[in-house]
Amino acid sequence: MQTTTARLLLVEDQADFAAVVKLMLQNSDRTWEISEVDRLAPALDCLAGGGIEAVLLDLRLPDATGFEAVDRVVAGFPDIPVVVMTSYDRTLAADALGRGAQDYIIKGEVNPTLLSRALTYALMRKSAEVALRRSDARFRAAVEGSLDAVGILSAVRDRSGRVTDFVVVDINHNAERLLGRPRDAVVSRRLTELGPPEAVGPVLQRSVSVMGEGHALEEELSVALPGTPMRWFHHQMVPLEDGVSIALRDTTSRHDKEEDLHRREEQLRQSQKMEAIGRLAGGVAHDFNNLLTVIRGHGELVLRRLEEEHPLRRNLQEIGLAAERASALTHQLLAFSRKQVLQPRTLDLAEVLDRMESLLQRMIGEDVELVTRRRGALGSVRADPAQMEQIIVNLAVNARDAMPQGGVLTIELANAELDETYARDHPTVVPGPHVVLSVTDTGHGMDPDTQSRIFEPFFTTKEPGKGTGLGLATVYGIVKQSEGSIWVYSEPGRGSTFKVYLPRVDQPAEPLSPRTGAAAVHGSEMVLL
Ligand SMILES: Nc1ncnc2c1ncn2[C@@H]1O[C@H](COP(=O)(O)OP(=O)(O)OP(=O)(O)O)[C@@H](O)[C@H]1O
Ligand SMILES: [Mg+2]
């Protein structure tokens, strides 16, 4: 630095003083390459031409009034240090410093060392200032461009030195957006003035602990302010010299997507599990049923050959009855694994339900009130009427069992349009027009664990001998085989709703023959009750 050459612009209208200055600078440590002008206008031209590294500026020039000279040089060339000269007025010189000059010299007191030092220091200070300004601008650009909402807080301490609050020093554009307030409305304000205690409290408390511990903090936050939906943030807090910087990234949409994905994966896993159990159950039921047929066949053969009075007849009859019950169970398993032979017809489910009302009423007993509703002109579905009755019976029996102290059982039929959004959330659903059968009770409800298993064959929470756990498995199988879907909504203590969606068909329903229903219901009643 000592040996380098610096280009200086000397702006002085008094020629004799200008000459003195030049003389003084010739003997300085640094080599000064001096351009000389005697007015402000040519000085500005010269500066505009470039290459000048420092300005030695007389405060009074013939073509400038007041502080015009220093103001225009500083404003026009903020990176060039200015040292002002004045004949006598120290206050004037000091004011010039306030307007951006680096230093001043009093003409009468100047000597070569002083002048050279003033100029050299001015150069050094300016270059430090410029470097700081550039680095500041770089950081500001980086912070402004950040995807995060960034804020810088400075600690406010009480007399004992304890941090009690923070003042917002600065925020970036994303923080303005997040807060929904412009920078001016936030900067210089105290944190505690910026929001309700429940929102500000956690920030304050974290800021204090980050400052105290001196470590950065990084976490996922969920924020639910009254009246606004839950939001998720990735949050970083870094301790500064006497404050903290905070960066927040709104991850709500990513979070929602992940949750959505998780839910869909879970549903898919569930339906794959049912698929696997179904295949297994179906295989076992099929082979088992064949074995039962052999047992029953041989039993009957032996029975026919035994005389009426034979003592083993009763035992054989018991074997036959047990085999029959076992076979009824395997039929339910076959229903679950969708291996039943269905007799689908174009049906009006309202008609099916109508025919069952008195039977249902008897089944659920006096303590449970039965409400049935049909909403609007119901479309037809393609399904086996006996199987539809079986679905309604099984769901109604479960509802009754969930309401041992009585309650209301509501069975409702309505048309429903399942759209793409619904289908996206429920992976096994095919979008389109459907008829929905809802069975709602006011019973004890189910926790999520129970809900995730209810359609599995043999899953039951009932005492041994009270339930086989095949009711809903059968319903599930029938619904799936009829190309529908079934969903349950329940909470412990808040009852349950089962919704069965069956695709709607654009054909008039065939009237039911009187016998189909009654027989099937008796069948399922026998098995279920
Ligand atoms: N409406 C309901 N309210 C509360 N829990 C229910 C309801 N429906 C079914 N559940 C639960 O789901 C389990 C399985 O039901 P599912 O109908 O398959 O078998 P089950 O009723 O126990 O026996 P089964 O129907 O074979 O006699 C029940 O044990 C019960 O825990
Ligand atoms: Mg049941």
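View 1. Who lines the second largest pocket? α7 is the top contributor to the lining of the second largest pocket, giving six residues (helices are DSSP runs of H or I with at least four residues, strands are runs of E with at least two, and both are numbered from the N terminus). At least two lining residues each also come from β6 (149-157), β7 (163-171), α6 (173-179), β8 (217-223), β9 (231-240) and β10 (243-250). The model is predicted, so to speak, with local features needing pLDDT of at least 70 and side-chain atom pairs pLDDT 80 or more, while totals for chains, interfaces and linings use all residues. The space inside the second largest pocket. The second largest pocket holds about 920 Å³. Of its 33 lining residues, those closest to the centre are Leu-178, Leu-179, Ala-199, Val-203 and Leu-248. A pocket here is an open set of points on a 1 Å grid over the protein atoms alone, where a 1.4 Å probe fits, with protein on both sides within 12 Å along at least five of seven lines; lining residues have an atom within 4 Å of a point. Points are joined across faces, edges and corners, and the volume is the space filled by probe spheres set on them. The lining splits into 24 nonpolar, five polar and four charged residues.

View 2. Lys-462 puts a side-chain N or O atom 2.5 Å from an oxygen atom of ligand 1. Polar contacts are pairs of N or O atoms within 3.5 Å. The protein buries 95% of the 590 Å² that ligand 1 exposes when taken alone (Shrake-Rupley areas, 1.4 Å probe).

**View 3. The shell around ligand 1.** The shell has 20 residues, with Asn-398, Thr-460, Thr-461, Lys-462 and Thr-468 among the closest; near means a heavy atom within 4 Å. α11 gives the largest share, three residues. By class, the shell has eight nonpolar, ten polar and two charged residues.

Terms used. Residues are numbered from 1 along each chain as its sequence is written. Chains are lettered from A and ligands numbered from 1 in the order in which they are written. Side-chain values use heavy atoms; hydrogens and water are left out. A polar contact is a pair of N or O atoms within 3.5 Å; within protein, one must be able to donate a hydrogen and the other to accept it, and residues adjacent in sequence count only if both atoms are side-chain atoms. Ala, Val, Leu, Ile, Met, Phe, Trp, Tyr, Cys and Pro count as nonpolar, Asp, Glu, Lys and Arg as charged, and the others, Gly among them, as polar.
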